[in-house]
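Hi everyone, thanks for making time today. I'd like to walk you through some side-chain contacts, so please have a look at the screen.

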Amino acid sequence: MKLYKIRISEIEKTSFEKWFSEMTEERKAEVLRLKAAEKQAQKIAAHHLCRSSISEFCGIPETDIILARTEYGKPYASGLPVHFSVSHSGDYAVCAVSENEIGIDIEKIRKINPNISKRFASENETEYISSHENGLFEIWTLKEAYFKCIGTGLGPDIKSVSFSIQPSGIICSESGFECSFAEIGQGYICSVCEKTNK
């Protein structure tokens, strides 16, 4: 498994223009539907990072990469024995690439009503959130990464999986998953969830 990141504020305008021109018409339309320039930049950067990460990981040209989506909307690289996941928030886009199913999520830390955790957190997770400064973002990104990993996306079953964050590591209530936090940048929480054969 390998992690890749890109800082959006450091990208030249000409690079955005080039990356946008290389996108399919469908992807371009997705970008143009976003009204805020910041959101458009995030989308373009994440799409480029995704392709360049797969290219580097597999040792193939980007032109050989065909991206598609499953019926649940999970992106995959058609015909390649590789899995990837991409996420963006604030000034960063991140991508995780692995030979195993994988999910990644990044969130910029910001003020948010802690009561929102009742919608997605178990009782134990709620206790953790209430006693840890960034607990809400830690639990949320773990859930996002897990559901991206299994490929279904977030839904009404969001409480069906729970996480216990210990000094020794992160324990997922579902066996066969390895979860961890990734250091991306100050003021951000990033979680990765990878399916293992254990």
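Which residues are linked in a network of salt bridges? They are Arg 27, Glu 30, Lys 43 and Arg 69. Before I go on, please keep in mind that this is a predicted model.

Let me stay with the charges for a moment. Searching the whole structure turns up ten salt bridges, and I have picked out a few of them. Take Glu 56 and Lys 2: their closest N and O atoms are 3.2 Å apart. This pair links distant parts of the chain, with Glu 56 in helix H3 (residues 37-58) and Lys 2 in strand S1 (residues 2-7), 54 residues apart. Glu 56 is partly exposed, at a relative accessible area of 43%, and Lys 2 also counts as partly exposed, at 37%.

Strand S1 comes up again with Arg 7. Its side chain meets that of Asp 91 in a salt bridge, 2.8 Å from N to O. Arg 7 lies in strand S1 and Asp 91 in the loop between strand S4 (83-89) and S5, so this pair ties together parts that are 84 residues apart in sequence.

Lys 143 sits in helix H5 and Glu 125 in helix H4 (residues 123-131), so the pair connects parts 18 residues apart in sequence.

Now to the rings. How many aromatic pairs does a search of the whole structure find? The count is six. One of them joins Tyr 92 and Tyr 188 edge-to-face, with 4.9 Å centre to centre and 80 degrees between the planes. Tyr 92 belongs to strand S5 (residues 92-98) and Tyr 188 to strand S10 (residues 188-195), 96 residues apart, so here too the pair links distant parts of the chain. Tyr 92 is buried, with a relative accessible area of 8%, and Tyr 188 counts as buried at 12%.

Another pair is Tyr 146 with Phe 177. The ring centres are 5.0 Å apart and the planes are at 65 degrees, so this one is edge-to-face. Tyr 146 is in helix H5 (residues 135-150) and Phe 177 is in strand S9 (residues 177-181), so parts 31 residues apart in sequence are tied together. Both Tyr 146 and Phe 177 are buried. They belong to one aromatic cluster, together with Phe 147 and Phe 163.

Charge and ring also come together in one place I like: the charged end of Lys 28 sits over the ring of Phe 20, 5.7 Å from its centre.

Last, a look at the strands. S7 (residues 163-166) and S8 (residues 169-172) run antiparallel and are joined by four bridges. They form a hairpin with two residues between them, and Ile 165 has Ile 170 in S8 as its bridge partner. Tyr 76, in strand S3 (residues 75-77), is 26 Å from Ile 170, C-alpha to C-alpha. Tyr 76 counts as partly exposed at 36% relative accessibility, and among the residues it touches are Ile 66, Arg 69 and Phe 84.

That's my tour, and I'm happy to take questions.

Definitions and conventions:
Residues are numbered from 1 along each chain as its sequence is written. This is a predicted model: local features need pLDDT of at least 70, side-chain atom pairs count only at pLDDT 80 or more; totals for chains, interfaces and linings use all residues. Side-chain values use heavy atoms; hydrogens and water are left out. Rings of Phe, Tyr and Trp (its six-membered ring) pair if their centres lie within 6.5 Å; planes under 30 degrees apart count as stacked, over 60 as edge-to-face and the rest as tilted. Buried means under 20% relative accessible area, exposed over 50%, partly exposed in between (1.4 Å probe, protein chains only). A charge sits over a ring if NZ of Lys or CZ of Arg is within 6 Å of the ring centre and within 35 degrees of the ring normal. Two strands pair if DSSP finds at least two bridges between them. Contact means heavy atoms within 4.5 Å. A salt bridge is a side-chain nitrogen of Lys or Arg within 4 Å of a carboxyl oxygen of Asp or Glu. Lists of a residue's contacts leave out its neighbours within four places in sequence.
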